[in-house]
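Me: I'd like to learn how to read a model like this one, feature by feature. Could you walk me through it?

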Amino acid sequence: MKSAALLAFATLLASSAAALAAPAPVAFDPSPDAAARRIVNVVFAEYLQQRVGVNVETAVIDLDSDGTGEILARFVHTGSCLADMKTCRTVVLEHRNRQGWKIVYDQPTAAVAFEKENQGVPSPLVMDGLTWKWGASRYEPDGNTLGKDVAFSDVPSASVDSYAVAFGEGARKLAAGGYGVKFRYSGDAVGKDTLVVSMNGKVVCGDVTGCPVRILAKDGKTWKPVLSTSSKGRIAVSDTVRGGYHDVVMQTGLGYAVYGWNGNGYSIAKRVEAVKGE
Amino acid sequence: MRLSARMIAIPALVAATFFAGTAPSSAEGTLSLAAFRRETGINADASTIQQAWSSLQAMGTTKYVGGMLGGLKLDESSLIAGALSIGASELDNLLGGGGLASSVTGAGSEVLGRMTSASGINLSYLTGSFTAGGGGAASTSSMLSGASSGTGACDTSVASALASGGQAHVEKIVNAAMSGEYGFSKISDLSNNSGGGGSGFASLGCLDKLFQNAGSDIMFKPPSLGSLTNSLQNWVCGQSKSVSEQVAGAFGGGEIFQTASLGGFFPSKTFGEANDGNPSKAPGIGQDPATTFGGAFAAFDSPSQDQISKSANIMNLYK
């Protein structure tokens, strides 16, 4: 009996801890008289002027526990939301003494929540299930929740030329010319009869765009490119599937670009990126 | 000791600059590399730049040197900046019309900005050649669509056709100008006037003045002046006075300037109160400085003659 009671108490503690760890949803105030609304009106004056009748929802939460609340704002308007009118532009403003209010998060978002843990830095945000952690001066997406990294294999030297074709005639010459160009591939990572190919090397990668990436789909006896892009690091595959093809995630300078199948090839589905710094 | 070392070093640098010619010295090369880094923000060393240029040569991308990317004339340094920004093979695809394949937002603008910033920097000590490039920035849209040209903004066949067309047009104009029927009038055409007041150039006097005032050129017009001179001269010179009178008469013989009966043309009344309060600070006879410039100016005390003499005594100034 005593042990059963202890077990029940332990279960209660565990569930309470789990409840504490769960992200807390943010309750927005749609009132035009809300105190934070005046600041939003100033920071986004031009944006609001361009959207007559926009409904601005605000919330004030002290995410960094410095005694000054951060302002969360949602703009509900046909010019601010997706067709569902639930995923709308959402921003987080942080006050800095000498710089005033700065935008530290700016993304189309439907569900806004935050984790209550606070270890000397602003609490992580959970936006549509994706965690955003505090970087140097802004919230940055945690790419681990976007998808799994593609498992690449090195292309055998005997097959290099056949893969290099996907990157153009210039790439073929560099691959054959001893410029240290390497190719990696992954079969069926995004769908049946597909290849994800990455080209790496000092002369073929750039500091603006990263390294070239191609996704090829089998078309009869040949392979045709269905995505030509680049990545500055991670190349991942999402659980989301469209038309039999998984979404593909490419790392950009500010975060990630998510590509989805559009029926004929891949195109940008969304960007999950931090706000650009000064 | 330090001074003498500096004295040797400076002439050496000057000499290196002076005798550099087409092959820049290492000092110049260091400066141009520093300029490349500063202007583009690309932190590349000499070997990286050489490798990028070598890869461009291997692909044949160097054929685009001298070509146009939008409004930017490509040179060696701009190509290197592009290659280091997006990769050499991707730059080759871009200039070949394949577009820019990138997931990065604003990559086109950033690359274009770097290429524009790099253009004109002489990296010939690394590349072996220098082509003066630069110009206005190309649009991002044209860059993303891969619009480019290897030999210039215009295809050679089109340029040749345009040049031929232009030359033919010029020849037609010259032929027309030299023809007796439509071209420049000749003195000989004016020499057989009958019934006119004169002949040759002298007879142009009246017409010349009239047409010059009207902005017309009597020396080049269809049809030839010779066939029209007599009739124009007889009619125009005789009629000009009456025409002038008719034009002047259309305004009522000058009554238009007599506005007193309509209230007059008085600025202070016509243009409102802004002109009513005309200040009295107008210098003139009967007004003292205080009235004209205010009391502060009027309170100025003139120095006495003795004070002026003492001030002007140069011996007092330098003793």
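Reply: Happy to. Let's start with one residue: leaving out residues up to four places away in sequence, G191(A) touches G244(A), Y245(A) and H246(A). Two residues are in contact if their C-beta atoms, placed from the backbone, lie within 7 Å. Bear in mind that this is a predicted model, in which local features need pLDDT of at least 70 and side-chain atom pairs count only at pLDDT 80 or more, while totals for chains, interfaces and linings use all residues. Residues are numbered from 1 along each chain as its sequence is written, and chains are lettered from A and ligands numbered from 1 in the order in which they are written.

Me: What separates the C-alpha atoms of G191(A) and G244(A)?

Reply: A distance of 6.4 Å, although the two residues are 53 residues apart along the chain.

Me: Is G191(A) partly exposed or buried?

Reply: The general idea is to count neighbours: a residue is buried if 20 or more other C-beta atoms lie within 10 Å of its own, exposed if 12 or fewer, and partly exposed in between, with C-beta atoms placed from the backbone. G191(A) has 18 C-beta neighbours inside 10 Å, so it counts as partly exposed. Across chain A, buried residues make up 40% of the 278 residues.

Me: Where is the place of G191(A)?

Reply: In the loop between strand 12 and strand 13 of chain A. Helices (H or I, at least four residues) and strands (E, at least two) are DSSP runs, numbered from the N terminus. Chain A has five helices and 19 strands.

Me: How many bridges join strand 12 of chain A to strand 13 of chain A?

Reply: First the idea: strands of a sheet pair through backbone hydrogen bonds, either parallel or antiparallel. Two strands count as paired if DSSP finds at least two bridges between them. Here six bridges join strand 12 to strand 13 (residues 194-200) of chain A, and the two run antiparallel. G187(A) stands opposite L195(A) in strand 13 of chain A. The two strands form a hairpin with six residues between them, and D188(A) in the turn has a positive phi of about 55°.

Me: Which strand of chain A pairs with strand 12 of chain A over two bridges?

Reply: Strand 11 (residues 153-154) of chain A, in the antiparallel sense, with strand 12 covering residues 182-187. S153(A) has Y185(A) in strand 12 of chain A as its bridge partner.

Me: How do I read the order of strands in an open sheet, and what is the order here?

Reply: Read the strand numbers across the sheet. Chain A has an open sheet of five strands in the order 1-6-7-8-9, with antiparallel pairing. Strand 1 (24-25) and strand 9 (139-141) of chain A stand at the edges with a single partner strand each, so one side of each is left without a neighbour in the sheet. Strand 1 pairs with strand 6 (residues 112-114) of chain A over two bridges, and A24(A) stands opposite F114(A) in strand 6.

Me: At what angle do helix 4 of chain B and helix 6 of chain B pack?

Reply: Axes are lines fitted to C-alpha atoms, for helices over the stretch in contact, and angles run from 0 to 180 degrees between N-to-C directions. Here the angle is about 150°, with the axes 7 Å apart. Angles under 35 degrees count as roughly parallel, over 145 as roughly antiparallel, 65 to 115 as roughly perpendicular and the rest as oblique. Helix 4 and helix 6 of chain B are therefore roughly antiparallel to each other. The contact includes S77(B), I80(B) and A81(B) of helix 4 and V111(B) and M115(B) of helix 6 of chain B.

Me: How many residues of helix 4 of chain B are buried?

Reply: 11 of its 11 residues, so to speak a mostly covered helix. Helix 4 of chain B is followed by G87(B), whose phi is positive, near 95°.

Me: And how do helix 3 and helix 5 of chain B pack?

Reply: At an angle of about 45°, with their axes 10 Å apart. That makes helix 3 of chain B oblique to helix 5 of chain B. A52(B), S55(B), L56(B) and M59(B) in helix 3 meet A88(B), S89(B) and D92(B) in helix 5 of chain B.
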